Amino acid sequence: MIECEGLVKIFKTDDLEVVALQGLNLKVEAGELMAIIGNSGSGKSTLLNTLGGLDRPSAGTVKVGEWDLLKITEEDLVQYKRATVGFIWQNNARNLLPYLTALENVEMPMMLSGKVDRDYAKQLLEWVGLKERMHNKLHQLSGGEQQRVAIAISLSNRPKLLLADEPTGSVDTATSDLIMGIFRRLNRELGVTIVIVTHDLTLASKVDRVVAIRDGLTSTEFIKRNPNMDAQKGFEEQTGGLQEIHEAYVVVDRVGRLQVPKEYLDALGISDKASMEFDGEKITISSPKKLGGGQDEEQKQSI
Ligand SMILES: Nc1ncnc2c1ncn2[C@@H]1O[C@H](COP(=O)(O)OP(=O)(O)OP(=O)(O)O)[C@@H](O)[C@H]1O
């Protein structure tokens, strides 16, 4: 469904260039429900905006289904956004109209694309658990309910891909669980591919695959050891961290590049060069060998 290879995004302002994505690789299969995590400024939103057709990529490959988002024309981009992708933001005020009802809000994008399907709009609000509140004006709904209206809106164009940027960022834990449950159902029952960007490790622990971004590159992948773990409700909350539930893998790209965490490099005093050894079973990266002896002091680290 999604294929990014060597994806680069550079933001240019008057006197500054920011390389937000530095040659990122990412594959997402159709029907996946996965999360992207990373520190602030690591490029998560830029990646999501690029996948959503809101930001234009600077270089590399970025394909979503049949669409090549690097080469796509402006005209096709409008079509892509209309037909293929749905978007949910943390700040739902961006896509909601407070003086309209929940139902009218869901119908609005349908109206803009020329085809209002009231039954489907109602069905969507039922899906997100707002059957009883669909005729309430937005300002009469709580923040969590508004976020659920936003989810219904994002599905109004029947997207194959749903992109959610911190969808639970401003709601409480109960609402966050509810939203995650809605995502899981949409994914399992309607087959919508869902990519969630989040800081929240508890949320991330509830999906099968998590990809970590560091400095605009995919660095680590976490794959759930037991995909049926969802059934054990509350388990994630008890265990907390991602590593309890997922196996962590370092991402190696097509030409063999991988990202070594900065803290490891700092601990070993590695800056621009390292020694690498292969003993038939594992690869060892260590601080550069000192020419003319001194190897005994070498600190080693296995990867
Ligand atoms: N429109 C823009 N113009 C210039 N620089 C930008 C723009 N958007 C993002 N950046 C820069 O690109 C880098 C990545 O930003 P991005 O918003 O993708 O990170 P993020 O991981 O989503 O962070 P956060 O979790 O804080 O939202 C940052 O250095 C940011 O300052």
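A residue is taken as near a molecule or strand if its C-beta atom, placed from the backbone, lies within 6 Å of it. The model is predicted; local features need pLDDT of at least 70, side-chain atom pairs count only at pLDDT 80 or more, and totals for chains, interfaces and linings use all residues. Residue numbers start from 1 along each chain, as its sequence is written.

The shell around the ligand consists of Phe11, Thr13, Val18, Ala20, Gly38, Ser40, Gly41, Ser42, Gly43, Lys44, Ser45 and Thr46. By class, three of these residues are nonpolar, eight are polar and one is charged. Here Ala, Val, Leu, Ile, Met, Phe, Trp, Tyr, Cys and Pro count as nonpolar, Asp, Glu, Lys and Arg as charged, and the others, Gly among them, as polar. Helices (H or I, at least four residues) and strands (E, at least two) are DSSP runs, numbered from the N terminus. At least two shell residues come from each of β1 (2-13), β2 (16-28) and α1 (44-51). The most come from α1, which gives three.

Burial was assigned from C-beta atoms placed from the backbone: a residue is buried if 20 or more others lie within 10 Å of its own, exposed if 12 or fewer, and partly exposed in between. Seven of the eight residues of α1 are buried, so this helix is largely enclosed by the rest of the structure. The buried residues are Lys44, Ser45, Thr46, Leu47, Leu48, Thr50 and Leu51. After α1 comes Gly53, with a positive phi near 80 degrees.

Strand pairing requires at least two DSSP bridges between the two strands. β1 pairs with β4 (residues 59-64) in the antiparallel sense, over five bridges. Ile2 has Val64 of β4 as its bridge partner. β4 also pairs with β5 (residues 67-68), again antiparallel, over two bridges. In this pairing, Val64 stands opposite Trp67 of β5. The hairpin of β4 and β5 has two residues between the strands, and Gly65 takes a positive phi near 55 degrees there.

Glu166 has a value of about 45 degrees. Glu166 sits in the loop between β7 (161-165) and α6 (173-190). With 19 other C-beta atoms within 10 Å, Glu166 is partly exposed. For Asp215, the positive phi is about 50 degrees. Asp215 lies in the loop between β9 (209-214) and β10 (217-224). Asp215 is likewise partly exposed, with 17 C-beta neighbours inside 10 Å.
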